[in-house]
Amino acid sequence: MYSNIFMICDGSLTIDVMGFLKHMEQETKHSVIWTGGGAASLVVFLKSLGFTYDQIVDNLLKLDSLTSLVFGGCIDLNASRDINEDLNDWFNHIFSNKKLFNKDITLKEIYKMTKIFPNFIVYDENITSLNPVSAPDFKLKDCVMASLTDFGSLEHHIIENTKYTSFSTFDVYPYSQNFTLKDDSKTLYIANFSIPTHKPYSYLETVQNSLQKIYFQRVKKCVEDNLDVALVNGFIHGFDIEEYEKNKSLENGKLHAEMFLNGEDTRSKMIEMIEEVKNQSYTKIKTK
């Protein structure tokens, strides 16, 4: 049983991570501290409001900008403004359907009401984290937004005159921000990895692909020597996630959970996944 969850995930890979978590439900059902960085902060947010794993997936898919919440995810001129507006609309929708909670609820109030201890990785001159101990009166929504800031998504987020920017620029997997309430706590560490495979159709998309490749290589390098980290590989989706893609991502997350529980190393799984796609494409061409 894990008392702590520590995860960093990006863009559509959040759905793969949800497939992993759902299959790990027996091991995580008593987890109290949920640490999230990047798009994983959305999972921590929804978990704090009492949503089930299936409900978390459904609500993540209602966020149009989810696929852009990755390093280099969208470097169009007005991307940050559009993503910010989309997130605000999404938060309003979530709170309007959760009458027990309001948009101004604080971290200490969430912990008191739900017994879930949210911990958000952020950057403010140094990489740090916001939680019911370090920032009890900060609004839950603000802490999520601060953790989402990244190059190619949100430029920054301001909380009480402090500007928060991207922690992943400095450290893509800051283990030091794991927060514990007791000495015998056991943490489940989750990271994600991808190799962008979609063909770019413009110079801008070529740059975005290159930025994402660099980012994910940094992630893999950071966790490669720590077999206690569950590395969930998956394909990054650059557009709306269809039902078929959602189900494939959830199945992929479940497969990674099974491998992790069996003590198998998933660090080479991405290459295997790409080869499978190539073979499937080749078979389709031959059978035409």
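## How helix angles are read

An axis is a line fitted to C-alpha atoms, for helices over the stretch in contact, and angles between N-to-C directions run from 0 to 180 degrees. Two packed helices are described by the angle between their axes and the distance between the axes. Please keep in mind that this is a predicted model.

## Helix 3 and helix 4

Take helix 3 (residues 40–48) and helix 4 (residues 53–60): their axes lie 10 Å apart, and the packing angle is about 130°. That angle makes helix 3 oblique to helix 4. The crossing of helix 3 past helix 4 is right-handed.

Which residues make the contact? Helix 3 brings Leu-42, Val-43, Leu-46 and Lys-47, while helix 4 brings Ile-56, Asn-59 and Leu-60. Sorted by class, the contact of helix 3 with helix 4 has 5 nonpolar, 1 polar and 1 charged residues.

## Helix 1 and helix 9

Now look at helix 1 (residues 13–23) and helix 9 (residues 243–261), whose axes come within 7 Å and cross at roughly 50°. Helix 1 is therefore oblique to helix 9. Helix 1 passes helix 9 in a right-handed crossing.

On the helix 1 side, the contact involves Ile-15, Asp-16, Met-18, Gly-19, Phe-20 and His-23. Among their partners in helix 9 are Leu-250, Ala-257, Phe-260 and Leu-261. Overall, the residues of the contact of helix 1 with helix 9 divide into 7 nonpolar, 6 polar and 4 charged.

## Cys-9, in a strand

Find Cys-9 in strand 1 (residues 4–9). Is Cys-9 buried or exposed? Its relative accessibility is 0%, and buried means under 20%, so Cys-9 counts as buried.

Leaving aside residues up to four places away in sequence, Cys-9 touches Thr-14, Val-17, Gly-37, Gly-38, Ala-39, Ala-40 and Asn-192.

## Thr-149, in a loop

Where is Thr-149? Look in the loop between helix 7 (140–148) and strand 5 (157–159). Thr-149 has a relative accessible area of 2%, so this residue is buried.

The side chain of Thr-149 reaches the backbone oxygen of Thr-165 at 3.1 Å. Not counting residues up to four places away in sequence, Thr-149 touches Leu-154, Glu-155, His-156, His-157, Tyr-164, Thr-165 and Ser-166.

Technical notes: Residues are numbered from 1 along each chain as its sequence is written. This is a predicted model: local features need pLDDT of at least 70, side-chain atom pairs count only at pLDDT 80 or more; totals for chains, interfaces and linings use all residues. Side-chain values use heavy atoms; hydrogens and water are left out. Helices (H or I, at least four residues) and strands (E, at least two) are DSSP runs, numbered from the N terminus. Angles under 35 degrees count as roughly parallel, over 145 as roughly antiparallel, 65 to 115 as roughly perpendicular and the rest as oblique. A crossing is left-handed if the near helix is turned anticlockwise from the far one by less than a right angle, and right-handed if clockwise. Contact means heavy atoms within 4.5 Å. Ala, Val, Leu, Ile, Met, Phe, Trp, Tyr, Cys and Pro count as nonpolar, Asp, Glu, Lys and Arg as charged, and the others, Gly among them, as polar. Buried means under 20% relative accessible area, exposed over 50%, partly exposed in between (1.4 Å probe, protein chains only). A polar contact is a pair of N or O atoms within 3.5 Å; within protein, one must be able to donate a hydrogen and the other to accept it, and residues adjacent in sequence count only if both atoms are side-chain atoms.
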